[in-house]
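This report describes the strand pairing, helix packing and domain contacts of one predicted model. Please consult the sequence and the structure shown below while reading.

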Amino acid sequence: MIEMKGFSFRYRGRSDFAVSDVDLSVAAGTFLGITGAAGSGKSTLTYALNGVVPHCYPGDFYGSVAVDGNDTCETRLTDLSRIVGSVCQDIESQMVTAVVEDEVLFGLENFGIEPSEIEGRLSEALLSVGIADLRHRAISTLSGGQKQKVALASILALRPRVLVLDEPTSELDPVSSRAVFSFLKSYAAENRACVVAVEQKIGLLAEFADDMVVMDEGRVALHGAPTDLLKRPDRLFDLGVNVPRSTELSNELTRRGLYEGPVCRSVEEAVRAAREVLACSNSGE
Ligand SMILES: Nc1ncnc2c1ncn2[C@@H]1O[C@H](COP(=O)(O)OP(=O)(O)OP(=O)(O)O)[C@@H](O)[C@H]1O
């Protein structure tokens, strides 16, 4: 669904490359998480997927990027937007109407969705991110997290085959963040879609993403299953990424030969691991 081959990009006027020599292949049905230190090129990767690079930000573009078989350089932004739905970091700039319902309707009407389908898509999108009750609210009265959910619902209503999200939970509380990520995982699997999310909260990413990329100075430094990457806390630390405390605990228990289970990504998993270790030590006494 996504094919990047030798992709490099340097913004006009910059001497250094924002992204260098990235090869990335993402199959339909995959939820890919991207993390890494500030300025490592995460957003630029997402811009290459939705066509913002090079259509809006000019510069030197090398290699190729294709989504669902369409070369992003050669495909017009309006055509790309029918395949790739994006939620950017700056939510305010994404809002074009004053009321939640109108915000979702705006995209549906612009995409020429059949009138008979509109109500179903609108209510389903609001429900999927847990904001059905905000349908008639003025956007100016919403919190940052609620606005983030409106932006996500507006894109989900369009049912894109590729969904690109730049820090979609930055304004959300932990419960809402997990709910959104859990929904995104099922969205990818059930629709054979690709979801690509840039996220700093690596525990959250590791819990829900199928595949994870860690960027460093414009390059892919690590790429693999999240649970495999979490077993390398020192390398992650060098790349500016801290593993969750729960992961530190399970890695340490494994290192001491006390625990052989999977790496922990959340407090719940760490509690389970700790219980397992205690049960073993009690039975051994
Ligand atoms: N519009 C732009 N014009 C010029 N340089 C840019 C532009 N956007 C990003 N850059 C540069 O490209 C490099 C990668 O930036 P990018 O925003 O892709 O990284 P990031 O990992 O998403 O960072 P952050 O986590 O801070 O959002 C940085 O050196 C940045 O200064």
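Strand β9 (residues 211-216) and β10 run antiparallel and are joined by five bridges; strands count as paired if DSSP finds at least two bridges between them. Within this pair, methionine 212 has glycine 224 of β10 opposite it. Strands here are DSSP runs of E with at least two residues, helices are runs of H or I with at least four residues, and both are numbered from the N terminus. The model is predicted, so local features are given only where pLDDT is at least 70 and side-chain atom pairs only at pLDDT 80 or more, while totals for chains, interfaces and linings use all residues. Residue numbers start from 1 along each chain as its sequence is written.

Both strands belong to an open sheet of six strands in the order β6-β7-β8-β3-β9-β10, in which the pairing is mixed. At the edges are β6 (84-87) and β10 (219-224), each of which pairs on one side only. From one strand to the next, the twist averages 15°.

Helix α1 (residues 42-50) packs on this sheet and touches β3 (31-36), β6, β7 (162-166), β8 (194-198) and β9. The direction of α1 makes about 150° with that of β7. Helix α8 lies across β3, β7 and β8, and runs at about 150° to β8. In these descriptions, axes are lines fitted to C-alpha atoms, for helices over the stretch in contact, and angles run from 0 to 180 degrees between N-to-C directions.

## The four-stranded sheet

A further open sheet contains four strands in the order β2-β1-β4-β5, with antiparallel pairing. The edge positions are taken by β2 (19-26) and β5, each with a single partner strand, so one side of each has no neighbour in the sheet. Strands β1 and β2 are paired in the antiparallel sense over five bridges, and valine 19 in β2 is the bridge partner of phenylalanine 9. Helix α1 packs on this sheet as well, where α1 touches β1, β2 and β4 and its direction makes about 120° with that of β1.

Strand β1 (residues 2-11) also pairs with strand β4 (residues 59-67), in the antiparallel sense and over eight bridges. In this pairing, lysine 5 stands opposite serine 64 of β4. Two bridges connect β4 with strand β5 (residues 70-71), again in the antiparallel sense, and valine 67 faces asparagine 70 of β5. β4 and β5 form a hairpin with two residues between them, and aspartate 68 in the turn has a positive phi of about 50°.

## Helix packing around α5

Two packed helices are described by the angle between their axes and the distance between the axes. The axes of helix α5 (residues 100-110) and helix α6 (residues 115-128) come within 10 Å and cross at roughly 130°. α5 is therefore oblique to α6; angles under 35 degrees count as roughly parallel, over 145 as roughly antiparallel, 65 to 115 as roughly perpendicular, and the rest as oblique. The crossing of α5 and α6 is right-handed, a term for the near helix being turned clockwise from the far one by less than a right angle. On α5 the contact involves Glu101, Val104, Leu105 and Leu108, and on α6 Ile118, Arg121, Leu122, Ala125 and Leu126. Residues are in contact if their C-beta atoms, placed from the backbone, lie within 7 Å.

By class, the contact of α5 with α6 has seven nonpolar, no polar and two charged residues. Here Ala, Val, Leu, Ile, Met, Phe, Trp, Tyr, Cys and Pro count as nonpolar, Asp, Glu, Lys and Arg as charged, and the others, Gly among them, as polar.

The axes of α5 and helix α7 (residues 144-156) come within 8 Å and cross at roughly 30°, which means that α5 is roughly parallel to α7. This crossing of α5 and α7 is right-handed. Val100, Glu103, Val104 and Gly107 of α5 meet Val150, Ala153 and Ser154 of α7. The residues of the contact of α5 with α7 comprise four nonpolar, two polar and one charged.

## Domains and their contact

The domain assignment of the chain gives domain 1 (1-83 + 160-229), domain 2 (97-158) and domain 3 (244-284); such bounds come from an automatic or database domain assignment. The C-alpha centres of domain 1 and domain 2 are 23 Å apart.

In domain 1, 11 residues are in contact with 10 residues of domain 2. Helix α8 (residues 174-191) supplies four residues, the largest share of the side of domain 1 that touches domain 2. By class, that side of domain 1 has seven nonpolar, one polar and three charged residues.

How values were computed. Two residues are in contact if their C-beta atoms, placed from the backbone, lie within 7 Å.
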